[in-house]
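Good morning, colleagues. Please look at the structure on the screen while I take you through several of its features.

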Amino acid sequence: ETVEKLRGWAQALSEAAQGQGSEEHKATLRSVAAGDILKHADAEVRLWAAKSLAEGLRIFAPEPPLTARQRRAALDLFVEQLRGLAQPRGANFQHALGLLEDLTDIRAFMLVFECEGHEDELIASLVAACLATARADERGVLESPLARLLADVLGECDDIPETALRPLLDELVAAPRRRERGGPGRSGDLVRRVLGNLAHRNAALPINEFLNRSLYSDASAQEGLTGRPSDEEETVEASMVSQ
């Protein structure tokens, strides 16, 4: 019954044009965001709650009628749904894929920057979810929307959190090894696309500063301060500029 109600709400919201939200649409969006629906035990209920929220964010962008707590709860739910895409044979995979495309199109994760004091935590959680999903992406259908989503969010950061950058760089090393062992996934390709996109945005400087702090300092210690970059550094920097 709850799933059918949420399906109906999602359909009703999808029929409204952006900027043309009514009081009834506001009430629907608030009903989805309130109470226990976002943490319901049934995964299908949470999926359709997320789809309804995405439609509401589209209608009322850039200022959805949600409290700060509701916006944070919505973001946590969206991240959870991204992790669900790591199960490509699940019954609701196509609906979850449609949600990813919607969230990317409406730039829903820009709400991260309105969650003052929690931005780094949310961005790190988003990066972790995208990497986990990309590792299970056997067909390559998720790489493009995931790369666009991550590049949009990270490109807006004044300073990209190290808790987000470090996993991306680590994945460049781990992904090829995983594939050599016959493992699935395209997480390395995803990271290269994201870093390539960021190299043409204002995020290039903080990425390079991070590389200098981490990779070059490690290489100097290992090579006796010879000043020659390691093979890993050259690989990472080449991956950034090759896109």
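I begin with Arg58 and Glu55, whose side chains form a salt bridge with an N to O distance of 2.9 Å. A salt bridge here is a side-chain nitrogen of Lys or Arg within 4 Å of a carboxyl oxygen of Asp or Glu. Both residues belong to helix α3, residues 43–60, where Arg58 and Glu55 stand three residues apart, about one turn of the helix. Helices (H or I, at least four residues) and strands (E, at least two) are DSSP runs, numbered from the N terminus. Are these two partners buried or exposed? Arg58 is buried, at a relative accessible area of 19%, and Glu55 is likewise counted as buried, at 16%. The term buried means under 20% relative accessible area, exposed means over 50%, and partly exposed lies in between, with a 1.4 Å probe and protein chains only.

Before I continue, a word on the source. This is a predicted model, in which local features need pLDDT of at least 70 and side-chain atom pairs count only at pLDDT 80 or more, while totals for chains, interfaces and linings use all residues. Residues are numbered from 1 along each chain as its sequence is written, and side-chain values use heavy atoms, with hydrogens and water left out.

Let us turn to the chain as a whole. It holds 11 helices and zero strands. Of its 243 residues, 47% count as buried. The accessible surface comes to about 12,100 Å², and carbon and sulfur atoms account for 46% of that surface; such areas come from the Shrake-Rupley method with a 1.4 Å probe, and for residues only the protein chains shown count as cover. Among contacts between residues at least 6 apart in sequence, 74% join residues at least 24 apart, where contact means heavy atoms within 4.5 Å.

I return to the salt bridges, of which the count is 17. One of them joins the side chains of Arg72 and Asp76, at 3.1 Å from N to O. Arg72 and Asp76 sit four residues apart in helix α4, residues 68–84, about one turn of the helix. Here Arg72 is buried, with a relative accessible area of 19%, whereas Asp76 is partly exposed, with 35%.

Another salt bridge brings together Glu4 and Arg7, at 4.0 Å from N to O. Because Glu4 and Arg7 are three residues apart in helix α1, residues 2–14, about one helical turn separates them. Glu4 is exposed, with a relative accessible area of 54%, and Arg7 is partly exposed, with 30%. Salt bridges also link Glu4, Arg7 and Glu44 in a network.

Next, consider Leu103 in helix α5, residues 93–105. Leu103 counts as buried, at 1% relative accessibility. Which residues does Leu103 contact, leaving aside its neighbours within four places in sequence? They are Ala54, Phe78, Ala108 and Phe109. Leu103 and Ala50 are 53 residues apart along the chain, and their C-alpha atoms are separated by 9.7 Å.

Finally, the surface carries a patch of negative charge made up of Asp120, Asp158, Asp159 and Glu209. A patch of this kind takes residues with over 30% relative accessible area and no salt bridge, like charges being joined within 9 Å. Asp and Glu count as negative, and the place of a charge is taken as CG of Asp or CD of Glu. Glu209 lies in helix α10, residues 204–223, and is partly exposed, with a relative accessible area of 37%.

Terms used:
Patch = residues over 30% accessible without salt bridge, like charges linked within 9 Å, V, L, I, M, F, W, Y side chains within 5 Å.
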